Amino acid sequence: KPNDVAAGLVVADLDVSAGLFEEAFARLLDLFPTLDPAGKNVIRTRLLEYFEIAGADDAQVIVARRRLTGLLY
């Protein structure tokens, strides 16, 4: 289910639990533009949680944060 927020979050959580942050970020950022405002807020919130887990200085976080900013504006 490519546009299912709940399914996307479950798979992204599995990615993060396996240390696959880049995959989790990409999965949620690809889903983001297809969603309504409520869905976008859920995805944004989860991404911010992942960014904290990975660490603000992580190169993957920097790239994903930049992409999220572009999608927000």
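I began with the ring rule: rings of Phe, Tyr and Trp (its six-membered ring) pair if their centres lie within 6.5 Å, and planes under 30 degrees apart count as stacked, over 60 as edge-to-face and the rest as tilted. What I applied it to is a predicted model.

**Entry: aromatic pairs**

How many aromatic pairs does the rule give? I found that the count comes to two. In one of these, phenylalanine 21 and phenylalanine 25 are tilted, with 6.0 Å from centre to centre and 45 degrees between the planes. I looked up where these two residues sit and noted that they are four residues apart in helix H2, which covers residues 21-31, so about one helical turn separates them. Both phenylalanine 21 and phenylalanine 25 are buried.

I then turned to phenylalanine 25 and phenylalanine 51, whose pair is edge-to-face, at 5.2 Å centre to centre and with 75 degrees between the planes. This pair links distant parts of the chain, since phenylalanine 25 belongs to helix H2 and phenylalanine 51 to helix H3, 26 residues apart. Buried or exposed, I asked of phenylalanine 51? Phenylalanine 51 counts as buried because its relative accessibility is 1%, and phenylalanine 25 is likewise buried, with a relative accessible area of 2%. I recorded Phe21, Phe25 and Phe51 as one aromatic cluster.

**Entry: alanine 54**

I next looked at alanine 54, which lies in helix H3 (residues 37-54). Not counting residues up to four places away in sequence, alanine 54 touches Phe21, Phe25 and Val61, and two of the residues named there, Phe21 and Phe25, are also in the aromatic cluster. Alanine 54 has a relative accessibility of 21% and therefore counts as partly exposed, the cut-off for buried being under 20%. I also checked a distance across the chain: the C-alpha atoms of alanine 54 and glycine 19 are separated by 8.8 Å, although the two residues are 35 residues apart along the chain.

Leucine 14 counts as exposed because its relative accessibility is 53%, the cut-off for exposed being over 50%. Aspartate 15, in contrast, is buried, with a relative accessible area of 10%. Which residues does aspartate 15 contact, once its neighbours within four places in sequence are left aside? I listed Leu20, Glu23, Ala24 and Arg27.

On the surface, I noted that Leu14 forms a nonpolar patch together with Val10 and Val11, and that the accessible area of these residues together is about 250 Å².

**Entry: the whole chain**

The protein chain has four helices and zero strands, and from the N terminus on its elements run α-α-α-α. A compact globule with 73 residues would have a radius of gyration near 11 Å, and because the protein chain has 11 Å, the value agrees. Along its principal axes, the C-alpha trace spans about 30 × 30 × 15 Å.

What share of the residues counts as buried? I noted 32% of the 73 residues of the protein chain. Of the contacts in the protein chain with a separation of 6 or more, 55% are accounted for by residues 24 or more positions apart. The protein chain exposes about 4500 Å², of which carbon and sulfur atoms supply 57%.

Conventions. Residues numbered from 1 in each chain as written. Predicted model: local features only at pLDDT ≥ 70, side-chain atom pairs only at ≥ 80, totals over all residues. Heavy atoms only, no water. Patch = residues over 30% accessible without salt bridge, like charges linked within 9 Å, V, L, I, M, F, W, Y side chains within 5 Å. Areas by Shrake-Rupley, 256 points an atom, 1.4 Å probe, with all protein chains shown as cover. Salt bridge = Lys/Arg side-chain N within 4 Å of Asp/Glu carboxyl O. Buried < 20%, exposed > 50% of the residue type's maximum accessible area, 1.4 Å probe, protein only. Rg over C-alpha atoms; globule rule 2.2 N^0.38 Å. Contact = heavy atoms within 4.5 Å.
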